[in-house]
Amino acid sequence: MKKVNTNFLLSLPLLLASLTACGSKETPAIDLEKLQNSQGAYVYLETDWGASPTEVSELTGLELGSPMGMRDGDRSFQVYTIEDQRFLGKSWTVQYQFDEDGLYAFSINTQQATDQASKLHDQIIQKLTDCYGEPDLTEESPLTYEDRTLSREARRWYAPLEEGETVLNLNLVDALKETGQQSLSFGVMYRQEGSFSRDLTQSS
């Protein structure tokens, strides 16, 4: 099993930079009913963590393209971004994060008018609750980005896996409140024990 040293699912700069206009393709990248394995851990499309970019491409039928290299302290990782993917009738940006051990995080992000974002948010909450029970954490917290303090509504589901835990993470952020829009992100990840905090003021 891979050992990921990270305390984030998707950094806010990546989330805000990845929000795009509407597209037309239906994505096979996410199925909210296939995010848990037989041991109860959260996984991506019922596959093990640590998959290679090639394996993810074969699993989804998506071309991942070229990655963006990133660093988190001493750790380097790569982010693959696929834009204009349809999910729940809207356009989303899909992102995969890999380190030297393979896939450790998947996320989808969208920017919508506040009423549409709220409807999508409620729809995803209901589906996740039906499949995996009530969230382990529900919290509204401030989130600092550059010179702005944003409002975030977060829900997380936790499940243990070997020397760490797996997380389903749903965030609704007033990233562009002045324009009447909100950003919505959902993802699933594995992270190593001792490398994370459940304090939402410390992680995005």
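Student: Which residue in β9 is the bridge partner of Gln112?
Tutor: Gln182 is the bridge partner of Gln112 in β9. Keep in mind that this is a predicted model.

Student: How many bridges join β5 to β9?
Tutor: There are 9 bridges between β5 and β9. The two strands run antiparallel.

Student: OK, rings now. How many aromatic pairs are there?
Tutor: The count is 7 aromatic pairs, taking ring centres within 6.5 Å as the rule. One of them is Phe77 with Tyr104: the ring centres are 6.3 Å apart and the planes are at 80 degrees, so this pair is edge-to-face.

Student: Where do Phe77 and Tyr104 sit in the chain?
Tutor: Phe77 is in strand β3 (residues 75-87) and Tyr104 is in strand β5 (residues 102-113). They are 27 residues apart, and the pair links distant parts of the chain.

Student: Are Phe77 and Tyr104 buried or exposed?
Tutor: Both Phe77 and Tyr104 are buried.

Student: Why is the pair of Tyr96 and Phe106 called tilted?
Tutor: The planes of the Tyr96 and Phe106 rings are at 50 degrees, with the centres 5.3 Å apart, so the pair counts as tilted. Stacked would need planes under 30 degrees apart, and edge-to-face over 60. This pair also links distant parts of the chain, with Tyr96 in strand β4 (residues 90-99) and Phe106 in strand β5, 10 residues apart.

Student: What is the relative accessibility of Tyr96, and of Phe106?
Tutor: Tyr96 is at 0% and counts as buried. Phe106 is at 1% and counts as buried too.

Student: Which residues form an aromatic cluster with Tyr96?
Tutor: Tyr44 and Phe106 form one aromatic cluster with Tyr96.

Student: Switching to helices. Where does Ile124 lie?
Tutor: Ile124 lies in helix α3, residues 114-132. Its relative accessible area is 1%, so Ile124 is buried.

Student: What does Ile124 touch?
Tutor: Leaving out residues up to four places away in sequence, Ile124 touches Leu32, Phe87, Leu88, Trp92, Leu170 and Leu184.

Student: Take Leu32. What separates the C-alpha atoms of Leu32 and Ile124?
Tutor: The C-alpha atoms of Leu32 and Ile124 are separated by 8.2 Å, and the two residues are 92 residues apart along the chain.

Notes. Residues are numbered from 1 along each chain as its sequence is written. This is a predicted model: local features need pLDDT of at least 70, side-chain atom pairs count only at pLDDT 80 or more; totals for chains, interfaces and linings use all residues. Side-chain values use heavy atoms; hydrogens and water are left out. Rings of Phe, Tyr and Trp (its six-membered ring) pair if their centres lie within 6.5 Å; planes under 30 degrees apart count as stacked, over 60 as edge-to-face and the rest as tilted. Helices (H or I, at least four residues) and strands (E, at least two) are DSSP runs, numbered from the N terminus. Buried means under 20% relative accessible area, exposed over 50%, partly exposed in between (1.4 Å probe, protein chains only). Contact means heavy atoms within 4.5 Å. Two strands pair if DSSP finds at least two bridges between them.
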